[in-house]
Amino acid sequence: MRNRYNTGRKKRGIGKFLLVLLALIVIGCGYVAWKLFTPYGPQEAAQAAMETSGGVTVSEQENWIDFKPDKPAGISVLFYPGGLVKPESYAPLAHELAAAGHHTIIAKMPVNLAVIKPNLADDILAAYPDEQFVMGGHSLGGSMASRYIAAHPEALKGIFFLASYPDEKGSVQKLDIPALSILGTNDGVVNMSKYQNGRMYLPPDTVYYTIEGGNHSQFGDYGHQKGDGEPTVSAEDQLKQTVKTVLSWLNTIK
């Protein structure tokens, strides 16, 4: 009887241990997932740029944020955010482009990943059938934008990449559209080997612009991204150079 009792108690002890171990594994996996999928969010400048001001009306739809100029003058802009970056983080860029007359729309991606819904542009373009758009994005957003354009070559008038590049599935090399690529010299996130390889999927007349001292994170306003290089230019200067370059490129598109 004693041995049978001791055996039962040992089994219960092992069962409790396994339950505790399973709980710890679940908690650990949950923590890792939380850390991996917690998005970067808008900082002070981005929050301010989400307000209607300076001739730009800002409004939010279910799947995008709309920056509409009071006096539209030029082609419209559709923007895909970087991976795990909230769309509001790009409000400073969108607000500046809209202030210059370009209706600008930032897509809201499921769980902040453009790879989940790369065809969200379908809904946006359908909502503004009387406008012509260029499309672009930051990091993962730019890669997904190129895949969309590669599959819908007649839908857009041009493409731009901020710290981003196309892959083979997003090749626009043979499309007759203008392309722009902007990169910071202190970018620590972009895989430079893949970036250089991505050039083969861009048109030969692609415009390239380098921001000396710019990094990956400062194309938006969401704080310092893990693994990124330290910038030697201010966020304001990087935004200014980005806006100036994009506007100059937009002015060449008819």
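Predicted model: local features only at pLDDT ≥ 70, side-chain atom pairs only at ≥ 80, totals over all residues.

Trainee: What makes β1 and β2 a pair?

Mentor: Five bridges join β1 to β2, and the cut-off is at least two, so they count as paired. They run antiparallel. You can look up some partners: Glu60 is bridged to Ile65 in β2, and Val56 to Pro69. The link from β1 to β2 is a hairpin through three residues.

Trainee: Which strands pair with β6, and in what sense?

Mentor: On one hand there's β5, residues 133-138, which pairs with β6 in the parallel sense over four bridges. On the other, four bridges join β6 to β7, residues 179-184, and these run parallel too. Leu162 shows both: His138 stands opposite Leu162, and in β7 the bridge partner of Leu162 is Ile182.

Trainee: Why are β1 and β8 called edge strands?

Mentor: Look at the order of the open sheet, which has eight strands: β1-β2-β4-β3-β5-β6-β7-β8. β1 and β8 each pair on one side only, and they are the edge strands. The pairing in the sheet is mixed, and the twist averages 15 degrees from one strand to the next.

Trainee: How do you know that Leu78 is buried?

Mentor: Buried means under 20% relative accessible area. Leu78 has 0%, so it is buried. Leu78 sits in strand β3, and its contacts include Ile105, Ile124, Phe133 and Met135.

Trainee: What covers the faces of β6, and which residues are buried there?

Mentor: I can tell you about the residues. Ile159 and Phe161 lie on one side of β6, Phe160 and Leu162 on the other, and all are buried, so both faces are covered. For Phe160, the neighbours touched include Val77, Phe79, Val134, Leu180 and Trp249.

Trainee: What makes a group of residues a nonpolar core?

Mentor: The largest core here has 37 residues, and Phe67, Val134, Phe160 and Leu250 touch the most other members. Elements giving two or more residues to this core include β1, β2, β3, β6 and α7. Apart from it lies another core, of 25 residues, among them Ile124, Met144, Ile149 and Leu156. In soluble globular proteins, nonpolar side chains tend to be buried together.

Trainee: Last one: what makes the β-α-β unit right-handed?

Mentor: Point the strands away from you: if the path from the first strand over the helix to the second runs clockwise, the crossover is right-handed. The unit made by β5, α5 and β6 is right-handed, so that path runs clockwise here. As for α5, this helix lies across β3, β5 and β6, at about 145 degrees to β5.

Terms used: Residues numbered from 1 in each chain as written. Heavy atoms only, no water. Buried < 20%, exposed > 50% of the residue type's maximum accessible area, 1.4 Å probe, protein only. Core = buried A, V, L, I, M, F, W, Y, C linked by side-chain atoms within 4.5 Å. Contact = heavy atoms within 4.5 Å. Axes fitted to C-alpha atoms, helices over the stretch in contact; angles between N-to-C directions. Lists of a residue's contacts leave out its neighbours within four places in sequence.
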